[in-house]
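Trainee: I'd like to learn how to read a fold from its coordinates. Could you take me through it one feature at a time?

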Amino acid sequence: MALGGICVCCAWGAGCKGSGGEQAGTISGDKTAETGLGEEASKDSADGELESETAADESKDGAASNGEETGMESLADEDGEYIFPESHVRLLTREELKSASPDDLRIARNEIYARHGRRFTSSDLQEYFEARDWYEGTVEPDQFSEEVLNDFEKENVKLIKAREDLGTILDTAEVYSQIMERHGLFGWNGLLEYGRIDAAMSDSYKEWYPELVDMGDYYEAKGQVLSVPVYYPWDAIEKVKPGDRMTLSFGLIPDQKEYTVTEILQEHGKDAKVISVSAPGLRGELQLVFTDVFDNGKYALAIVDWIEGDDYVIWNSDDISCACEILYQGSFYLAKDCVIDVAGEERSVKDQWEPASERNPFGGAICGDILEVDENGLITRIRQQVAG
């Protein structure tokens with residue numbers, strides 16, 4: 001029996017590997033369905049950290065401490081000599097950087113220079129290093145060249161400085177970037193398993209999307225969501241009957257509702273099962289279909305646009321019309337040099353900030369796929385949606 005034209009929801013972009021996201025949802029006649037992704041069933045909390053870029057200097061916020069007590073030795077090694085004894089021979093870990101206080105980070109960054117004999121104009125730093133047995137301050141600040149640093153040291157300076165400048169936003173950036181890496185959510189892969197950002201810049205879009213805010217060293221897009229489709233085993237689908245209840249969230253809409261199956265509308269063997277559901281506050285009923293929406297051999301649950309006879313068409317709109325699992329809710333952070341790919345033209349975030357015009361018809365908002373993040377989890381490349 002021929003099915004109606006199945007339109008896969010949202011034709012945004014192309015390319016990217018598929019993600020995991022697979023674990024069977026279950027449906028129950030007497031309790032809320034568990035349709036999650038195992039350990040990913042709940043939103044990840046921001047408890048990690050990442051590294052970064054940026055050059056370094058000896059000052060903290062541009063000013064010396066003038067010899068005041070700073071708790072400088074809190075993370076020093078057993079001999080009280082180094083904050084990070086191996087910063088010249090290996091990259092520092094996220095955990096090490098996260099455990100360091102702001103004063104520890106300041107010292108650790110300048111400790112790298114001090115190993116090479118650099119002297120410091122900040123009196124508290126100079127006094128601190130002069131108390132270390134290994135320190136030989138022979139090079140005046142204006143005579144010091146970073147070319148003497150090895151690759152580990154140069155990168156560790158960047159990582160420490162990023163932690164100093166960006167602080168706890170790196171914890172959040174680590175969470176969402178690791179989720180995206182784990183599930184292969186970079187770009188568009190045709191499976192609705194991808195990292196999507198929607199953020200308003202001009203007033204005309206603020207009714208629809210959360211606002212993008214310039215935070216100085218980075219941009220923050222609040223109210224963002226990462227999700228993947230929920231897949232169901234066919235043996236559970238076969239048993240679906242009126243009265244069964246399912247807790248569902250559709251696409252990038254984080255609200256979950258409990259739906260009750262009211263009717264089995266169509267059955268097409270193992271190809272598809274169309275049902276009708278109701279929910280408190282829902283006008284009328286919603287038609288849904290269990291089918292291989294993405295031609296990947298897995299059964300997802302999609303919203304049906306219309307039914308005619310034995311045919312149906314899956315809803316195709318700017319909103320994802322598939323039952324999804326929310327993996328992350330919170331802010332995304334964009335690097336200041338983030339590139340927006342608009343129909344093959346590379347634009348800066350600042351350029352994209354311009355309201356929509358004939359020259360820039362997609363200006364005033366960022367709506368598209370996240371393609372790349374840097375080592376800190378800050379977003380560095382986005383492909384703007386130009387159709388849909």
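Mentor: Buried residues make up 51% of the 388 residues in the protein; buried means under 20% relative accessible area, exposed over 50%, and partly exposed in between, with a 1.4 Å probe and protein chains only. This is a predicted model, where local features need pLDDT of at least 70, side-chain atom pairs count only at pLDDT 80 or more, and totals for chains, interfaces and linings use all residues. Residues are numbered from 1 along each chain as its sequence is written, and side-chain values use heavy atoms, with hydrogens and water left out.

Trainee: How many helices and strands are there in the protein?

Mentor: Helices (H or I, at least four residues) and strands (E, at least two) are DSSP runs, numbered from the N terminus. Here you get seven helices and 13 strands.

Trainee: What share of the contacts comes from residues 24 or more positions apart?

Mentor: A contact means heavy atoms within 4.5 Å. Among contacts in the protein with a separation of 6 or more, residues 24 or more positions apart account for 66%.

Trainee: What should the 13 residues of helix H2 span?

Mentor: The expected span of a helix is 1.5 Å times one less than its number of residues. For H2 (residues 102–114) that gives 18 Å, and the end C-alpha atoms are 18 Å apart, which agrees.

Trainee: How many residues of H2 are buried?

Mentor: 12 of its 13 residues are, so to speak, tucked away as buried, and H2 is mostly covered. Among the buried ones are Asp103, Asp104, Ile107 and Ala114. The cover includes helix H1 (94–99), helix H3 (123–130) and helix H4 (151–166).

Trainee: At what angle do the axes of H2 and H4 cross?

Mentor: Axes are lines fitted to C-alpha atoms, for helices over the stretch in contact, and angles run from 0 to 180 degrees between N-to-C directions. The axes of H2 and H4 cross at roughly 160° and come within 9 Å. That makes H2 roughly antiparallel to H4; angles under 35 degrees count as roughly parallel, over 145 as roughly antiparallel, 65 to 115 as roughly perpendicular and the rest as oblique.

Trainee: Is the crossing of H2 with H4 left-handed or right-handed?

Mentor: A crossing is left-handed if the near helix is turned anticlockwise from the far one by less than a right angle, and right-handed if clockwise. H2 passes H4 in a left-handed crossing.

Trainee: Which residues of H2 and H4 meet?

Mentor: An α-helix has 3.6 residues a turn, so residues three or four places apart point the same way. On the H2 side you find Pro102, Leu105, Arg106, Ala108, Arg109, Ile112 and Tyr113, and these meet Glu153, Asn156, Val157, Ile160, Lys161, Arg163 and Glu164 in H4. By class, this contact of H2 with H4 has seven nonpolar, one polar and six charged residues. In that scheme Ala, Val, Leu, Ile, Met, Phe, Trp, Tyr, Cys and Pro count as nonpolar, Asp, Glu, Lys and Arg as charged, and the others, Gly among them, as polar.

Trainee: At what angle do H2 and H3 pack?

Mentor: About 65°, with the axes of H2 and H3 11 Å apart. Their crossing is right-handed. Arg106, Ile107, Asn110, Glu111 and Ala114 of H2 make the contact with Asp124, Leu125, Tyr128 and Phe129 of H3. Those residues divide into five nonpolar, one polar and three charged.

Trainee: What does glutamate 130 touch?

Mentor: Not counting residues up to four places away in sequence, glutamate 130 touches Arg119 and Tyr135. Glutamate 130 is found in helix H3 and is partly exposed, with a relative accessible area of 48%. Glutamate 130 and arginine 119 are 11 residues apart in sequence and 9.5 Å apart in space, C-alpha to C-alpha.

Trainee: How many residues of H5 are buried?

Mentor: 12 of the 15 residues of H5 are buried, so H5 is largely enclosed by the rest of the structure. Glycine 184 follows H5, and its phi is positive, near 60°.
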